[in-house]
Amino acid sequence: MHTVTQFASSDEKWHLLVKRKNEQQVAESFDHLRKHNIEPVLIKGFAIAIKYPSDHPRIYSDIDLAVSKSAYSKALRLIQSDEQLSKLNIDLHCELRHLDTVEFNSVFERSSTISLNNTNIRVLAEEDHLRVLIAHWLNDGGESRDRLYDIRYAIENRSDSFDWDLCFDQLTPHRRKWIEYTISIAHIYLDLSIKDLPFKIDPKKLPTWLTKRVEMEWKHGTRLIPLQAAIFDRNTIAGQLLKRIAPNPIQSIIEMDGDLDTHFRFLYQGANLVKRTFRSISKIFLKDE
Amino acid sequence: MNNPQYPSARKESLVIQELSDEVLVYDLDTNKAHCLNQSASVVWRACDGNRSVGDIAKLLSEQTGKNVNDEFVWLAIDQLNENNLLSVQTETVMNTNSRREAIKKIGMASMIALPIVASLAAPRSALASVSCQCVTFPTTCPAGCPNAGCTGGFCV
């Protein structure tokens with residue numbers, strides 16, 4: 001029986017209950033996929049929630065699972081049609097998509113399992129997960145201050161055996177900058193300590209445009225959602241179109257695997273606008289995945 | 001036995017978290033969270049489909065050492081019913097006035113807390129931080145959306 005008492009606030013009780021619910025569903029998703037010989041890897045969500053302190057619970061509503069390319073189509077069909085799986089809010093990733101350049105097989109070999117509700121949940125090695133979390137945060141255009149805590153706690157609460165060389169494994173110089181700049185941002189805005197890191201982080205080297213954009217995103221507060229989710233609501237579609245007219249430069253650069261120090265952000269934004277427009281049109285009219 | 005006069009606690013599609021003197025219940029079908037106080041949770045646990053309301057009142061009296069009457073149990077059953085926590089809808093014997101009277105009567109005489117089944121709303125911080133964005137859309141919001149008021153959302 002949990003030690004939280006009747007004197008806990010409603011918010012604390014809600015967090016506790018939803019945590020229990022989410023953990024149960026994570027375990028169920030693994031159980032059901034394994035029945036069909038699919039071995040997923042959990043990213044974000046519960047996999048990072050375990051690094052959060054108890055007085056700052058991490059909220060998540062979906063279950064991000066990465067599967068190999070060969071298993072993706074089958075897993076997607078199951079999630080859409082299986083009676084049990086379709087009830088779970090699974091966000092399926094084909095390997096780690098464009099957000100990681102390390103071979104998925106290598107990342108999978110380094111993964112390990114942790115026990116949850118009598119099920120072994122496969123999670124990435126801490127080093128790989130940090131890299132993925134940073135890429136995801138930047139790919140969302142730095143729009144969520146809350147999600148920046150993923151990076152803070154992944155670093156603050158890393159194990160003693162954390163290997164930074166593994167984290168920077170096979171990275172191009174500009175992808176290494178993605179990591180260093182995001183750590184700088186977490187240091188500036190969330191007080192992440194950088195003094196015990198084995199490499200130098202100089203917050204002064206952060207491009208000014210990057211911090212200004214992050215601040216603007218946090219002030220604005222509107223999160224980018226797929227157009228097909230907004231299309232039936234006039235107010236929402238208007239806000240989403242406005243947000244896209246000048247695409248988020250951070251997101252544009254990440255989507256195009258670019259350099260955050262570039263002086264030609266407008267080129268990335270233009271290319272990204274075209275790419276996203278075609279993608280949205282195909283999702284709305286062709287019902288592509 | 002699924003006889004409404006022998007109430008039975010629902011077990012399917014629920015996530016239950018027991019606290020020291022309350023029970024938290026998450027309904028996966030409706031994405032609603034509830035908090036049952038001690039009295040309500042004892043009644044709920046006693047609803048095994050084989051006990052009548054009278055039997056449950058007698059059981060509570062034995063367990064608590066206090067005099068618990070049928071009206072007390074019906075107060076709990078009513079709320080459990082309203083919140084879809086019974087496996088079969090039970091026809092209430094109380095209308096609004098009789099419930100009010102019962103609360104007054106039981107409240108004054110009772111040495112144990114009145115049964116309460118309260119809703120737990122998602123904190124504002126939870127709604128702001130998840131990726132679930134419920135907009136009006138003709139689909140059902142999948143499980144996991146913390147916005148319990150979502151009636152036709154699309155989780156992204």
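Modeller: One term before we start: buried means under 20% relative accessible area, exposed means over 50%, and partly exposed is in between (1.4 Å probe, protein chains only). This is a predicted model, where local features need pLDDT of at least 70, side-chain atom pairs count only at pLDDT 80 or more, and totals for chains, interfaces and linings use all residues. Residues are numbered from 1 along each chain as its sequence is written, chains are lettered from A and ligands numbered from 1 in the order in which they are written, and side-chain values use heavy atoms, with hydrogens and water left out.

Colleague: Thanks! What percentage of the 289 residues in chain A is buried?
Modeller: Buried residues come to 54% there. Chain A exposes about 14,300 Å², and 51% of that is supplied by carbon and sulfur atoms; the areas come from the Shrake-Rupley method with a 1.4 Å probe, and for residues only the protein chains shown count as cover.

Colleague: And how many helices and strands does chain A have?
Modeller: Chain A has 13 helices and five strands. Both are DSSP runs numbered from the N terminus: helices are H or I with at least four residues, strands are E with at least two.

Colleague: Let's do the strands. How many residues of strand 2 of chain A are buried?
Modeller: Five of the five residues in strand 2 (residues 63–67) of chain A are buried, so the strand is largely enclosed by the rest of the structure.

Colleague: Which way do its side chains point?
Modeller: Ile63(A), Leu65(A) and Val67(A) point one way, Asp64(A) and Ala66(A) the other, and all are buried. In a regular strand, side chains alternate between the two faces of the sheet.

Colleague: Which strands does strand 2 of chain A pair with?
Modeller: Strand 1 (residues 41–43) of chain A pairs with strand 2 of chain A in the antiparallel sense over three bridges, and Val41(A) stands opposite Ala66(A). Strand 3 (residues 90–94) of chain A pairs with strand 2 of chain A in the parallel sense over five bridges, with Leu65(A) opposite Leu92(A). Strands count as paired if DSSP finds at least two bridges between them.

Colleague: Why is the pair of Tyr149(A) and Tyr153(A) given the class it has?
Modeller: Their ring centres are 5.7 Å apart and the planes sit at 25°, so the pair is stacked. The two are four residues apart in helix 6 (residues 145–156) of chain A, separated by about one helical turn. Both Tyr149(A) and Tyr153(A) are buried.

Colleague: And how do Trp164(A) and Phe199(A) pair, centre to centre and between the planes?
Modeller: Trp164(A) and Phe199(A) are edge-to-face, 4.8 Å centre to centre with 75° between the planes. The pair links distant parts of the chain, 35 residues apart: Trp164(A) is in helix 7 (residues 164–167) of chain A, and Phe199(A) is in the loop between helix 8 and helix 9 (208–220) of chain A. Trp164(A) counts as buried at 7% relative accessibility, and Phe199(A) is buried at 13% relative accessible area. Ring pairs also link Phe162(A), Trp164(A), Phe168(A) and Phe199(A) into a cluster.

Colleague: Last one: which side chain does Lys177(A) make a polar contact with?
Modeller: Lys177(A), in helix 8 (residues 173–190) of chain A, has a side-chain polar contact of 2.8 Å with Asp261(A). A polar contact is a pair of N or O atoms within 3.5 Å; within protein, one must be able to donate a hydrogen and the other to accept it, and residues adjacent in sequence count only if both atoms are side-chain atoms.

Terms used: Phe/Tyr/Trp six-rings, centres within 6.5 Å; stacked < 30°, edge-to-face > 60°.
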